[in-house]
There are 2 protein chains.
Amino acid sequence: MSDTNDSLTAILTSARKEILSQGILGLRVADVASDANTSITQIYRFFRNRDGLLARVLGDIYDEQSKMSVEQYLARLPKDSAITIKDLVSAVPVVMTDEQIRFHEMRLQILATSIHNKELNDRLKICSQNLFEIWRTGLDEIQARMAPGETFDERVFFMVFAQQNPYYRTLIDEKFFTPEEYKEFLIEKLRAQ
Amino acid sequence: MSDTNDSLTAILTSARKEILSQGILGLRVADVASDANTSITQIYRFFRNRDGLLARVLGDIYDEQSKMSVEQYLARLPKDSAITIKDLVSAVPVVMTDEQIRFHEMRLQILATSIHNKELNDRLKICSQNLFEIWRTGLDEIQARMAPGETFDERVFFMVFAQQNPYYRTLIDEKFFTPEEYKEFLIEKLRAQ
């Protein structure tokens, strides 16, 4: 039993390492087997095929990334003082760091892979629905800490932010709008009427 | 000269057919060559390599799809009467048809491909910036036809719709919100304050 767990852990670790260095398309099950000191047969015993392995590893990455992005958002809010609408917008990564761009590139590739990988698609559905609960809890905490007179429209989180693909912003550059204009827009739309 | 053009057209037609039937990953230059009645060497003369061919064909598809989606949006607005905010929202495909889902899946795959295909990425940037101009013209036409007292906030088109990835909606289902709630939200946010 412990051997089985060790073997599973080694396979997951190697597969993730391969994906991060070679890309999703570059993942070769034979390389994972050799790196994890196991056999292709053993990998297929756990995951049935390459798609099954991808569904598990990419699903794990997507899930961790989703949770991390909520945590990072909450961590960017003021810690000791009341929260304003402006704080909520300042915490949105409007201008992305290289790390955030990599993050969204990985998500885009995972989403694209899920189109023809049903197991991964099912997993992403579960991740997305769990994410809803995580945001629900986070937004309740924020609501409880808002400054007097500052009320925000929670729907913007679910109906705007959750559906956005920030990769588009790398394509449009500042042709459509500047970061400042975007922040001003978000402040207006976040403020509950 | 005419032979060169014929050959180019045949290559582009075959490559598109291959991509639509086999997927982007399944595109084999040898199959394109054989279907287009030409040689791999000839294809590389035009496009340097497989990535160059992909950049051209996927860029063309993305460009056509973008223009078509603006045209289809405008065509869903009332033809003979003044336009209201409600009309603007009714024309947004909140519940997607199978065809619209396929459309967004293709876009997602093109975007994902552009991460490691610089030529395609450059092309998508140009497409996105042209799209801005097309929307600008479309919105001016809409503004001129709005019903008295109905004024909309154009920024919603550029800062919300243009950045949305509707594939997310297929993942979250109605857990986050119903189509009716989403439409109500859009009506509120589109109305200029």
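Predicted model: local features only at pLDDT ≥ 70, side-chain atom pairs only at ≥ 80, totals over all residues.
Helix α7 of chain A covers residues 118–144. This helix has 27 residues and reaches 40 Å from its first C-alpha to its last. That span is close to the 39 Å expected at 1.5 Å a residue. The buried residues of α7(A) include A:L120, A:N121, A:L124, A:C127, A:S128 and A:L131. Further along the helix, A:F132, A:W135, A:G138, A:L139 and A:I142 are buried as well. Within chain A, the buried residues of α7(A) pack against α4, α5 (85–90), α6 and α8. They also pack against α9 of chain B, a helix that covers residues 167–172.

Empty space in the model was also examined. In general, rolling a probe the size of a water molecule over the atoms shows where empty space is left. The largest pocket holds about 1,000 Å³ of space and is lined by 37 residues. By class, the lining consists of 21 nonpolar, 9 polar and 7 charged residues. From chain A, the helices α1 (2–22), α4, α6, α7 and α8 (155–159) each supply at least two residues of this lining, and α9 of chain B does likewise. With 10 residues, α4(A) gives the most to the lining of the largest pocket. The residues that lie nearest the centre of the pocket are A:Q65, A:S69, A:F103, A:H104 and A:R107.

Leaving aside neighbours within four places in sequence, A:H104 is in contact with A:M96 and A:P166.

A:D60 is found in helix α4 of chain A, which covers residues 50–75. The relative accessible area of A:D60 is 17%, so this residue is buried. Not counting residues up to four places away in sequence, A:D60 touches A:R16 and A:R123.

The backbone was considered last. Most residues other than glycine have a negative phi. A:N37 has a positive phi of about 60 degrees although it is not a glycine. The place of A:N37 is in the loop between α2 (29–35) and α3 (40–47) of chain A. At 75% relative accessibility, A:N37 counts as exposed, because exposed residues are those over 50%. A:R48 is not a glycine either, and its phi is positive, at about 70 degrees. This residue is in the loop between α3 and α4 of chain A. A:R48 has a relative accessible area of 60% and is therefore exposed.

How values were computed
Residues numbered from 1 in each chain as written. Chains lettered and ligands numbered in written order. Heavy atoms only, no water. Helix = DSSP H or I, 4+ residues; strand = E, 2+ residues; numbered from the N terminus. Buried < 20%, exposed > 50% of the residue type's maximum accessible area, 1.4 Å probe, protein only. Contact = heavy atoms within 4.5 Å. 1 Å grid on protein atoms, 1.4 Å probe; cavity = no way out; pocket = protein on both sides within 12 Å on 5 of 7 lines; lining within 4 Å. Points joined across faces, edges and corners; volume = space filled by probe spheres on them. Nonpolar A, V, L, I, M, F, W, Y, C, P; charged D, E, K, R; others polar. Expected span 1.5 Å × (residues − 1).
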